[in-house]
Amino acid sequence: MPVSAAAGSERHNVSHAYRGVPRWTYVVAVLAATVVILPLFAMVARVNWANFLPLVTSESAVSALGLSLRTSAVSTILCIVLGVPLALVLARGRFRLQGLLRALVLLPLVLPPVVGGIALLYTFGRQGLLGRTLEVLGLQIAFSTTAVVLAQTFVALPFLVVSLEGALRTGGERYEAVAATLGASPGRVFRSVTLPLVLPGLASGAVLSFARSLGEFGATLTFAGSLQGVTRTLPLEIYLQRETDPEAAVALSLVLVAVAVAVVALAYRRPAGAGMAFWKQRTTPAAAADRDVL
Amino acid sequence: MTFALEAAVAGRGFDVALRLGPTETVAVMGPNGAGKSTLLSVIAGLLKPDTGRAELNGRTLFELSAGRGTWTPPHHRGTALLAQEPLLFPHLSALENVAFGPRSAGVSRKQAKAEALHWLAEVEALDLQARRPAELSGGQAQRVAVARALAADPGLLLLDEPMAALDIHSAPLLRRLLKRVLAGRQAIIITHDALDALMLADRVVILENGGISEEGPTREVLQRPRSPFAAGLAGLNLLAGTLAGDGIRTAEGWTVAGLLEDGYADDRRPEGRGGNGYPAAPEGERAAVAVFPPSAVSVFLDDAHGSPRNSFEVAISDLEPHGDFIRVRAGSLAADITPAASADLGLIPGLQVHFVVKATSVAVYSA
Amino acid sequence: MKGLTGLLAAIVLMALAGCSTGAGSPSGDASAAGSSAGSSGGEALTVFAAASLKNSFTELAKAYEAEHPGSSVTLSFAGSADLATQISQGAPADVFASADTKNMDKLQQAGLVDGDPRIFATNTLAIAVPRGNPAGIRSFADLAKPGTRLVQCAPQVPCGAAATAAEQQTGTHLSPVSEENSVTDVLGKVVSGEADAGLVYVTDVKSAAGKVESVAFPEAAAAVNSYPIAALAGSRNGAAVQAFLDLVTGPEGQQVLADAGFGGGRQ
């Protein structure tokens, strides 16, 4: 093995600085990149550009895209509302079975979505754990837009929790302790120290959650069904169009790819959890002077 | 208006009792791991001791036995903490950082800003008010951090090695600033530097192995150290033992002759503990220390006999430059000799030599 | 360094090769009815068949292998549209059995079909309801009752097209709570009790006997799905392909299909 492989971890801004990257890794890296990029390229090559606009602005396509954006926005908000306290508890709390809780909460990351769909079905479905009670209360979840949001939240929540917990673990605790000794109550510490410090992590977590929600397919198909304007999100529309109109499916896929690219670019413009670095880059003295105190 | 603390943390072998007068600044010194940071954490409310009680200006900070009892959370204590690193909130400007304490206390925006400006002026950092922490040098940031701590109007200011992370040019500036702002305040400052203790503190407390081994007015502790740690700070050799005639007898069996000091009976050591971390001397024997400067020690290859002289056979552990001299270390003892003498004797680490010191150069007093 | 690159290349190639021999069909639930397809001089057949034919064709493939020792049949089941797409993308199939004429026509127009397709079976719609029929569905018209949670196929897929035809024929307007991509998804939602009723094929109800109950409706006759089968242009096993087609359309094949609930084909 080349000795240089281990030496390349430190980053330098100098372009001529030594970089210990063995040459063979470039070969494999190109191969790896090809595995990801080539299929995308092949799909783009198949797009019928003459019909592109009519295809992606058809009634069903617009309805599906609108539904996808709406449900993903709602589930992202749900992820933030539920995920921030959860991440805080996981990062700062000290209690029994904390590790187990973390493992369980992160499970949807590695679970096939269809399994998630089945699990949701047996929870909120008519015959499910909560479904029967909800039915009595007049709430029907299956086949409703609520089901779509639930499925999306189920698969997207771990992304937010992971990003945020990572950000919370990178040294905010000492700032929080100092803030407390300066007289800030736990609520104030959370609002004016913890949250601002992890804002970049929260933002990238939210963006990833949104992206995951937007792409959610398996759990939705299993749990929510597929009806235009109600539960048929863009991925489901693509899946259906593929049956009869591959051109439309390709065109819509491209739309989804474009959204995904935008989202990933937004999330990885800076690495998640780099809260301190983010604040260091951000401000100019003039901008700071304009702001009022707190 | 005083501060009083007794606290024990069993898991860390920490057991300390400490009182501060109304305007007293105490320097806490001790080797790494002695429990200095534990002390500040307990006072600030960041660490819960198993048992103990603390009171600040008539208010109870905690009163615990077996982990139960009264416990005031950190934000209600009025014990602002200034750490080794400034830890300014990176998303706030210097001004907003300093205004954080007043705002937390419920002061209006306008009033908080006015107070923040006052304290920034106090630390000569008014021109830095609009800057973000990332745009401040280490020294500037620490000055702003001092202003932030003071703006919180703490009843007791806790400083955890505030100069340790500063460069050689910034430290003196901050030391002067602290001398000014600590005057007339209750404060506890952890430091490794005898100069900090001399300049900033009225009193020094030596913390070793989780307990106080020695305390007293700074000057006196440095002049007449009773613990090896304090002697090290003062740059003196210290041997501990029991009183024997005009000198002491050490545990190793050395007899050290010296001059018995006046005021032998005074006892600065806290009651109930053996000083220096050693067990209390047996009944009928009095614990005492023999103290002498390294410059009074001569080094010989052979045992030089002579009644007024003390001679200790030691193995050299280290040689290091020390000003114009070579400091010869042998365990806890040190001798300063000229480079020429060192070369003549052919000193190298591991060599067996005799450290010889005149009795008239040795001060003997109670430990 | 060179050795390592070579090693890596070899590993990647081996991994890819391993994958490609493992699954003969690009997707869908492929099941090799015979042993090692394509080995020795024996006749190897690859049959792409609609998902609803899974049970019948698995049985027929076994029968074929028994009658033609040394031969093997590899079966790949998926939605007809998926299979048609795979075939047009060059998937190596000898026979295509579709659940509708539309997908077969598509391949025929593309010149991928050898000879004329033959209709070998028909399938009709049936109403599937959960056990006990909680919503009390008795007729096609009952499906339009307000509050009935009906699940059917999307109009884009054959079973959905059939449902739409029945709807038009009877003048009933159905408002399903979900339009699924495949008939199995519809059946799944009835089995789990999420839906009050689902429009599926007679054959599906039959295969899920015990898990769902079936409500027959005369209007179904208006929407009969025809299943065409054909040899594909790329096939090099002319004789074997013909033998298999004969088996499916012959008395033995028709009996197996009829047992599964299919209607008879047209000769």
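Domain bounds come from an automatic or database domain assignment. In this predicted model, local features need pLDDT of at least 70 and side-chain atom pairs count only at pLDDT 80 or more, while totals for chains, interfaces and linings use all residues. Residues are numbered from 1 along each chain as its sequence is written, and chains are lettered from A and ligands numbered from 1 in the order in which they are written.

**Domains of chain C**
- Chain C is assigned domain 1 (42–122 + 227–264) and domain 2 (125–222).
- The C-alpha centres of domain 1 of chain C and domain 2 of chain C are 27 Å apart.
- In domain 1 of chain C, 11 residues are in contact with 11 residues of domain 2 of chain C (two residues are in contact if their C-beta atoms, placed from the backbone, lie within 7 Å).

**Contact between chains C and A**
- Chain C gives 22 residues to this contact and chain A gives 20 residues.
- On the side of chain C that touches chain A, α1 (2–22), α3 (80–88) and β7 (178–180) of chain C each supply at least two residues (helices, H or I with at least four residues, and strands, E with at least two, are DSSP runs numbered from the N terminus).
- The largest share of that side, 4 residues, comes from α1(C).

**A sheet in chain B**
- An open antiparallel sheet of 3 strands has the order β17-β22-β18 (chain B) (two strands pair if DSSP finds at least two bridges between them).
- β17 (297–300) and β18 (309–315) of chain B are at the edges with a single partner strand each, so one side of each has no neighbour in the sheet.
- β17(B) pairs with β22 (residues 352–358) of chain B over 4 bridges in the antiparallel sense.
- Val297(B) has Val357(B) as its bridge partner in β22(B).
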